[in-house]
Amino acid sequence: MLMLAACSTTKRLPEGEILYTGLKAVNFNDTLAKVPAELRSEIREAVAVKPNNPLLGSASYRIPFPLGLWVYNNWPNPPSGLKHKIYEWLATEPILVSDVRPEVRVEMINQILDNNGFFRGTASYELAQKKNKRKASIIYNVDPGPAYNLDSIILLPETTPVNRMIDSLARVNRYLKVGSRFSTDSLSAARTRITNDLRNQGYYYFRPEYIDYLADSTINPGSIALKLIIPDNVPSWALDKFSTGTITTLIYRNQGGGTPDTIHTAKGDVIKMMPMHLRDNLIPSCIAFRPGRVFRVNQMERTQSNLARLGIFNAIDMQVHPDTTSSANRILNVTLSCTLDKPLEASVEANVSSKSNSYLGPGVTLGLTNHNLFGGGEQFNVSLTGSYEWQTGHNSSSVFNSYEVGVQSSLAFPRLLAPAFIHRRRRTVNWTKISLGADLLNRPHYFKMAQFNTSLSYDWQPSKYITTSYTPLKVTYTKLITTTPEFDAIMDANRAIALSFRNQFIPQMSYNFVYDRAMNRNNTINVSFSLTEAGNIFWALYEMCGNRDKEKTLFHTPFSQFVKGQAQIVYGRQMYPSHWIVSRFAIGAAHAYGNSSQVPYSEQFYVGGANSIRAFTVRSIGPGSYRVPRDQIDGYFDQTGTFKLEANVEYRFPILGPLHGAVFLDAGNVWLLENDPQRPGGTLRGKTFWNDIATGTGVGLRFDISMLVIRGDLGIGIHAPYDTGKRGYYNMTSFGRSLAFHLAIGYPF
């Protein structure tokens with residue numbers, strides 16, 4: 001490395017050329033007008049040329065060891081042979097200042113300023129040379145001058161139906177407002193939005209370029225008078241309104257061939273190439289068009305989306321063409337061509353997990369799916385799951401290690417098999433799902449448990465931004481097959497935990513609601529809540545039948561009776577381009593009664609970990625101010641509660657290329673709604689509530705490659721809810737012991 005560092009990276013540069021070492025700065029003079037953040041970002045992108053060996057794709061920072069340049073400048077390039085191939089593989093040609101063409105970049109900046117209403121803006125550049133005069137970075141200086149705003153807007157004369165509609169849409173368009181800054185991007189967005197609305201009102205052939213703007217800055221100096229016009233060369237049929245004519249759907253076999261069979265429906269003709277396993281009413285239920293009604297472009301999108309969500313086609317094509325047989329009316333005929341996919345799909349998933357309790361091991365899932373079981377787009381899935389873990393480190397003496405095996409099957413129908421009074425959105429595909437599964441879990445130091453489950457659920461979308469799920473019946477049966485003396489000792493020490501682990505049926509009914517919307521490009525909101533009840537229907541039936549037993553059983557096994565609710569709101573606001581502040585508030589409560597004295601362990605709440613309070617590991621705090629005794633190794637069993645409260649706020653910002661950063665603050669805890677003498681301080685009480693809330697801050701790095709986000713968060717404890725021996729709000733015993741690192745996939749919320 002020392003020898004390479006001593007080599008020159010400018011040795012072979014042509015005479016008079018300078019090696020480009022990156023973008024040093026873009027300076028803005030905001031004396032006359034503040035340059036908006038999005039405009040600053042656009043200008044920086046226009047001049048952000050990457051130098052040799054950029055750091056994470058940055059235009060300003062470089063990797064300190066330019067191997068490619070060293071090889072190019074100091075190694076000979078043999079004409080052929082292995083040495084030539086090695087040279088071609090390692091060497092990198094230098095990027096010169098003349099290659100960047102900063103004078104052209106300056107003109108680009110001036111054009112961007114003009115397009116955004118800064119007509120008097122100017123830009124320039126200068127070279128920032130190094131000690132080696134043959135190396136230089138570039139500084140761009142931008143003086144935007146005053147901004148020109150819209151002074152008046154003249155709409156189209158209301159002489160035709162299309163003109164009247166354009167004027168109506170322009171009046172409510174947020175980009176066409178008197179007083180807003182002139183911007184060609186905004187004007188383009190305005191006419192695109194107007195065009196989209198027109199095309200959804202039957203004007204199928206209308207295009208954005210059919211709306212022009214005339215801008216005049218001489219009427220009122222320093223301002224813009226804007227006028228909308230439609231050019232004279234616009235085709236007359238582009239200004240006409242169209243209705244839907246015939247609808248023809250062609251369904252092709254995956255292997256090709258077949259004999260056509262035509263079915264006449266209220267939504268057009270469906271031509272199937274027989275033999276074919278496809279129900280007659282499936283395709284019409286996905287078509288959003290109505291013959292004789294106004295032709296709308298969003299009906300095309302909905303039809304294609306509905307067909308794609310069935311998951312049974314590998315190709316969907318839609319063609320729209322005018323009806324040449326009708327001279328009086330403007331009519332568009334629609335032709336759909338769909339090719340069936342292969343019905344069977346097999347999948348294999350493999351993973352390796354490493355846990356904080358020193359267990360390490362592989363897992364595999366084998367899946368088989370039939371995407372069209374009964375010819376109506378029904379999806380039948382069977383999956384087999386297996387995992388095996390062994391303990392590493394000083395506790396690796398286990399002869400028999402942990403394993404889990406399970407089978408899960410489901411049958412999903414692309415429609416609601418439910419009463420018609422349930423409100424559903426016809427524009428989307430709704431689903432009915434039946435599932436059945438079994439699982440065997442072995443924890444060699446603790447227990448072997450079997451679990452069986454079955455459920456019936458409905459998923460539908462009552463409106464554009466709302467999705468709901470209703471599970472009228474879900475039954476889970478858990479049975480402890482064997483236990484170890486160590487596990488029995490834990491259960492004997494805590495009766496509440498023992499009751500939540502007992503053999504039991506959990507008959508449940510649940511409802512989930514999600515409202516998810518991007519209100520605009522700067523604000524997003526997600527609101528969700530769920531409500532679950534268990535055992536109430538069975539308990540009521542027993543009572544009606546005269547069974548007054550204190551503990552009622554199902555097949556000689558007690559069943560749980562409880563109610564559980566939880567809600568969450570996540571709000572995101574973009575402060576600057578790619579700079580977001582995202583906050584979350586979550587609350588949940590569960591209560592057992594009647595046939596149960598404890599909520600099942602799997603239904604209780606816990607906090608800590610990568611997606612919760614990141615200064616603490618999973619199940620390391622709570623309930624309340626309770627702290628597990630130091631001599632109780634397996635105390636994490638106790639770290640659950642029946643009431644949860646969490647609040648998080650996170651500032652997300654870009655660093656270099658796909659590397660992003662975050663600063664966060666987390667707070668929350670879990671509590672018990674009923675007193676447990678074996679967990680003192682765990683009950684929810686008003687006088688200790690604020691002191692029971694654990695808080696932590698921290699920083700994080702995220703590698704975001706769009707489809708995958710790899711996240712690392714370092715949490716720093718501020719306040720532990722239990723007694724640490726230190727006084728004051730900051731009661732962590734030491735800075736080092738207050739740290740917790742989490743590696744995860746995806747954003748925390």
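I located Pro275 in the loop between β9 (268-274) and α9 (282-286), where helices (H or I, at least four residues) and strands (E, at least two) are DSSP runs numbered from the N terminus. A cis peptide bond joins Met274 and Pro275, with omega about 0°.

I noted that this is a predicted model, in which local features need pLDDT of at least 70, side-chain atom pairs count only at pLDDT 80 or more, and totals for chains, interfaces and linings use all residues. Residues are numbered from 1 along each chain as its sequence is written, and side-chain values use heavy atoms, with hydrogens and water left out.

I then looked up Pro623, which lies in the loop between β24 (579-592) and β25 (643-656). The peptide bond from Gly622 to Pro623 is also cis, with omega near -5°.

Next I examined backbone phi. Asn53, not a glycine, has a positive phi of about 40° and sits in the loop between α2 and α3 (67-74). Arg101, in the loop between α5 (97-100) and α6, has a positive phi near 55°. Asn53 counts as buried at 18% relative accessibility, whereas Arg101 counts as partly exposed at 46% (buried is under 20% relative accessible area, exposed over 50%, partly exposed in between; 1.4 Å probe, protein chains only).

Finally I inspected a strand pair. Strands β2 (residues 122-129) and β3 (residues 135-143) run antiparallel and are joined by eight bridges; pairing requires that DSSP finds at least two bridges between two strands. Tyr125 has Tyr140 in β3 as its bridge partner. A hairpin of five residues connects β2 to β3.
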